[in-house]
Amino acid sequence: MIAILGLVLGIILGLTFDPTIPYALQPYLPIAVVAAIDALFGAARAYLDGKFSDKVFIISFFWNVVVAALLVFMGAQLGVGSAMTTAIVVVLGIRIFSNAAAIRRNIFGA
């Protein structure tokens, strides 16, 4: 429940204050958001499977974001930034949809 309240509060604050992201950090924001969504869907799946651990969730949430940002940084340094970003979005997207399908099967049995 606290996580949902934090999410709602974050959305309200973001819409109210309209923060600007520095230009140097803009390539990392979409990847960080996708990595965070992956961690959230993984946590929801673990919760429905009865295997949720708050410690694992916090670590995987931040670890996914850090690793994805480092991969984007490495891709930018190698001159393949857009290809690396696309690869990360594809991999995390597959994981998100896999977890969403598992959640759907768990909730609806189909």
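View 1. Helices are DSSP runs of H or I with at least four residues, numbered from the N terminus. Contact means heavy atoms within 4.5 Å. The buried residues of α4 are M84, I88, L92, G93, I96, N99, A102 and I103. Buried means under 20% relative accessible area, with a 1.4 Å probe and protein chains only. This is a predicted model, in which local features need pLDDT of at least 70, side-chain atom pairs count only at pLDDT 80 or more, and totals for chains, interfaces and linings use all residues. Residues are numbered from 1 along each chain as its sequence is written, and side-chain values use heavy atoms, with hydrogens and water left out.

**View 2. Helix α3 packs against helix α4.** Residues 54–78 form α3, and residues 81–108 form α4. Their angle is about 155°, and their axes lie 7 Å apart. α3 is therefore roughly antiparallel to α4 (an angle over 145 degrees). Axes are lines fitted to C-alpha atoms over the stretch in contact, and angles run from 0 to 180 degrees between N-to-C directions. The crossing of α3 and α4 is right-handed: the near helix is turned clockwise from the far one by less than a right angle. From α3 come N64, A68, L71, V72, M74, G75 and A76, which meet G81, M84, T85, I88 and R95 of α4. Seven of the residues in this contact of α3 with α4 are nonpolar, four are polar and one is charged. Nonpolar covers Ala, Val, Leu, Ile, Met, Phe, Trp, Tyr, Cys and Pro; charged covers Asp, Glu, Lys and Arg; the others, Gly among them, are polar.

**View 3. Helix α2 packs against helix α3.** The angle is about 150°, with the axes 8 Å apart. α2 is therefore roughly antiparallel to α3. α2 passes α3 in a right-handed crossing. In α2, the contact residues include Y28, I31, A35 and L40. Their partners in α3 include F57, F61, V65 and F73. By class, the contact of α2 with α3 holds 15 nonpolar, two polar and one charged residues.

**View 4. Helix α4 is followed by G109.** The phi of G109 is positive, near 70°. The end C-alpha atoms of α4 are 40 Å apart, which agrees with the 40 Å that its 28 residues should span at 1.5 Å a residue.

**View 5. The protein has four helices and zero strands.** From the N terminus on, the elements run α-α-α-α. The C-alpha atoms fill a box of roughly 45 × 35 × 25 Å, taken along the principal axes. Buried residues make up 18% of the 110 residues.

Notes:
Helices (H or I, at least four residues) and strands (E, at least two) are DSSP runs, numbered from the N terminus. Angles under 35 degrees count as roughly parallel, over 145 as roughly antiparallel, 65 to 115 as roughly perpendicular and the rest as oblique. The expected span of a helix is 1.5 Å times one less than its number of residues. Buried means under 20% relative accessible area, exposed over 50%, partly exposed in between (1.4 Å probe, protein chains only).
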